[in-house]
Amino acid sequence: MVTIVDKTSEAAAKPRPRHPEKAHRPDTPILRKPEWIRVKAPGSPVYRETKKIVKEHELVTVCEEAGCPNIGECWTKKHATMMILGDTCTRACSFCNVKTGLPAPVDTKEPEHVAEAVAKLGLRHVVITSVDRDDLADGGAQHFVDVIERIREYSPGTTVEILTPDFLRKDGALERVVEARPDVFNHNLETVPRLYLKIRPGARYFHSLRLLQRVKELDPTIFTKSGIMVGLGEGREEVLQVMDDMRSANIDFLTIGQYLQPSRKHAAVDRFVTPDEFKSYETIARTKGFLLVSSSPLTRSSYHADEDFAKLRDARNAAVAAKGA
């Protein structure tokens, strides 16, 4: 759970709402988490080392900002998902714990800091995400390019996965990022179309779907990836339709995880989906032709991303070999 009033850093002397658009919403109920959702508190020596490197380079991570339940496991493996373009988002999605408001100017030194941290952590695979920056003419596209280029300069052997915003109404932004040739291009649909107005009001389902389809049209060698949350009130048939929509857009990798409510002011959890249901979704998704599927209560976009990238390459190679046989 998080608080709606941010009392950290410079806000300590002058507390301000972390989610000003949610502050006056009525409280929603909090469901007790089942056993399969609970995780151990972080605190290993490697976790603390990763945290130190992140802080030394003045980096923001989605692991911390979004309150990811897997932070203890991932940081113990030195896997941290860097969040660029600041810590404040211009959108107000009802599921998200990232701060909302007017962002600070873009830090031009950030690409260098990210690249230095990636090298120091010795990452084989890194995930770079960002807040939405509707205030920028290109939505932050050039900053993504700069980060990718600096990482490859410092760590030529590191594969790069990006988890981007939707670049809505930002002409040419997507094309600029694709030209930098990330190894994986991820953009999450988040939920089923019926729930967009409630859960993701600033976005458009078919725009996000088209974004991922366009990546494949521009560069078929780039792996595409997208994910949804369940437990928000969606129906099973709606989830299966999203799978079909994704396959129509040639998306390679699907992730499905349980929505967890950050606070009483966020969208309520409708129910906790059982592990057996997640397994069923995975089985169905594989029959629909995804190269890779990760479906479990604690699955998140960047969870086990390095191992999954190796599996993606192997799956593609196997598919190519099968066609040639």
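F206 counts as exposed because its relative accessibility is 57% (buried is under 20% relative accessible area, exposed over 50%, partly exposed in between, with a 1.4 Å probe and protein chains only). Y205, at 5%, therefore counts as buried. Y196 is buried as well. Y196, Y205 and F206 make up one aromatic cluster. Rings of Phe, Tyr and Trp (its six-membered ring) pair if their centres lie within 6.5 Å; planes under 30 degrees apart are stacked, over 60 edge-to-face, the rest tilted. The count of aromatic pairs is 4. The ring centres of Y196 and Y205 are 5.6 Å apart with planes at 90°, so this pair is edge-to-face. Y205 and F206 are also edge-to-face, at 4.9 Å between centres and 85° between planes.

The model is predicted: local features need pLDDT of at least 70, side-chain atom pairs count only at pLDDT 80 or more, and totals for chains, interfaces and linings use all residues. Residues are numbered from 1 along each chain as its sequence is written, and side-chain values use heavy atoms, without hydrogens or water.

Now the sheet. Helices (H or I, at least four residues) and strands (E, at least two) are DSSP runs numbered from the N terminus; two strands pair if DSSP finds at least two bridges between them. The sheet is open, with 7 strands in the order 3-6-7-8-9-10-11 and parallel pairing. Strand 3 (82-84) and strand 11 (292-295) are its edges, each pairing on one side only. Strand 6 (residues 125-130) and strand 7 (residues 159-163) share 5 bridges in the parallel sense. T129 has L163 of strand 7 as its bridge partner. Helix 4 (residues 110-121) packs on the sheet and touches strand 3 and strand 6.

What lies inside? A nonpolar core is a set of buried Ala, Val, Leu, Ile, Met, Phe, Trp, Tyr and Cys residues joined through side-chain atoms within 4.5 Å. The largest has 81 residues, and V114, I128, I151, F185 and M243 touch the most other members. Helix 5 (residues 141-154) gives the largest share, 6 residues. A second, separate core of 6 residues includes V184, F253, L292 and F309.

F309 also belongs to the buried residues of helix 11, with A305, D306, D308, L312 and A315. Helix 11 (residues 305-324) has 20 residues and reaches 29 Å from first C-alpha to last, close to the 28 Å expected at 1.5 Å a residue (1.5 Å times one less than the number of residues).

How values were computed
Contact = heavy atoms within 4.5 Å. Axes fitted to C-alpha atoms, helices over the stretch in contact; angles between N-to-C directions.
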